[in-house]
Amino acid sequence: MSPSEQHPPAFERIATGVPGLDPILGGGLVASGVYIVVGEPGAGKTIFANQLCYSQAQQGTRCLYVTLLAESHSRMLANLRSMAFFDASQLPQRIYYVSGFRMLEEQGLPGLLELLRREMRNHGAGILVLDGLVQAQEAAGSSRDFKKFIHELQVSAGLSRFTALLLTSSVGPTVHPEYTMVDGILELRERTAAMRSWREIQVRKFRGSASLNGSHHFRISEAGLEVFPRLESMASRTQPPDWGTQRVRFGVPTLDAMIPEGIAAASTTLVMGPPGCGKTILGSSHLAEGLRLGEPGLMVSFYEGPDRLLHKAANVGLSLASGVKDGRLVLQWNMPAECNLDLVAHNMLEDVRKRGVKRLFVDGLSAMVETTNEPARISPFFAALTQELRRHGVTTVFTLETPRLFGPDMDVPLGTGLSGVAENLLFMRHLELNGRLRRLLSIFKLRDADYDPTLREFLITSQGIEIQPPFQPSPELLLTGIARFPGNHS
């Protein structure tokens, strides 16, 4: 058997020009294939098809866009002019718009098929878009006639070596029996829950290679369609590398003294506590220590904006602004409402790969947990995210807000899915005693390292966090229930 027979050549691919979509398709559309794009009106089908055409035109490929709708081309182009991908210089040399509406009405499917063949041949086009397949389906005399139309279009695509996109609105069943003849089916849809809505894309069928299963989020902006592959489907299935005996310190001398060896490099630390207890300052110290050692850092926040976070850090002696100024530290702020998990992960991991980030601080994890449209994904999402961060050697600190402001008990929000995958767990809390609010810290879990398990009071000063000597509970404190604080093993 020859090498070519043992390893058949890979299919030629057509880039869609839609960020994030080609990885889902295994590298793009297979050349000379016929694909159906289905979705309700307003789902984004026309924008998607035009985005592909203009992307291909930039590479020198000619595209034919045939409409079967009554909407004029001038109106369609007027709606496209605000899109970043729109380029009027490509008209009509490389992108040509034709209406097949009258031909379909007068001569039916045979006449439409002849029009498509003739125009593709005359323009030497490599991409065909047929917008309004539902009109052709309704004009077919029978299901057999429609199947014949699809089949003959596939034959033409193979002989003339062009790739076809057939756009149709979902009427009745999402996937009609006739659609099984094509090479692929992409479904665009908009989901609604309560007052929220979001967009999803799903590959229902794809011949020629494996594709990422399930639904994936996308958005429509002035840039066109942007797809964010579901993180769980993109995460590597191989074991992350072993970072050996490398250790990392928080940059808080009194806390580092409680962990003589330091925490494991590329590990995940979850810091839990009520508002105002010092979680953000501890995470900022983690980044400041990395900057001191020359390690690129990334801060991802939800509730507090970059300027406010830098000001807060400066007030406790942490100079993060210089790192931002010279590019060693990047601050990403996200709107803490209707959080898109995959968008946050995409931006985070993209910067990690681009700059070789070694320290990450995610402040306000509660925003992701409480505002996501998909609460059932929280556990697998964080498992995939922490694995990818570990794979890149990133030491991560997450903060998670607990609901109880102060008192003898600590409410641990175990539903986040992160407490199970975090190697290190730290608890912060407030205690009201004798008219004074005191801050307490306890190390609950630490991977592969000895640590001081005693309950400690700490202060926040102009020099940052200062942890006090081991806490000795008085009889009054014991009456408040402080002995039930997690991690108090003294």
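This is a predicted model: local features need pLDDT of at least 70, side-chain atom pairs count only at pLDDT 80 or more; totals for chains, interfaces and linings use all residues.
## Basis of the model

Local features require a pLDDT of at least 70 and side-chain atom pairs a pLDDT of 80 or more, whereas totals for chains, interfaces and linings use all residues. Residues are numbered from 1 along each chain as its sequence is written, and side-chain values rest on heavy atoms, with hydrogens and water left out.

## Overall architecture

The protein contains 16 helices and 22 strands, taken as DSSP runs (helices H or I, at least four residues; strands E, at least two) and numbered from the N terminus. Of its 490 residues, 53% are buried (under 20% relative accessible area, 1.4 Å probe, protein chains only).

Contacts are heavy atoms within 4.5 Å. Among those between residues at least 6 apart in sequence, 70% join residues at least 24 apart.

## Largest pocket

The largest pocket holds about 380 Å³ of space. A pocket here is an open set of points on a 1 Å grid over the protein atoms alone, where a 1.4 Å probe fits, with protein on both sides within 12 Å along at least five of seven lines; lining residues have an atom within 4 Å of a point. The volume is the space filled by probe spheres set on the points, which are joined across faces, edges and corners. Gly42, Lys45, Thr46, Ile47 and Asp131 are the closest to the pocket centre among its 20 lining residues.

At least two lining residues come from each of α3 (45–58), α4 (73–80) and β7 (163–168).

## Phe162

Phe162 lies in the loop between α7 (143–160) and β7 and is buried, with a relative accessible area of 5%. Its C-alpha atom is 7.0 Å from that of Ala125, 37 residues away along the chain. Beyond residues up to four places away in sequence, Phe162 touches several residues, including Ser32, Met120, Ala125 and Leu153.

Key
Buried means under 20% relative accessible area, exposed over 50%, partly exposed in between (1.4 Å probe, protein chains only).
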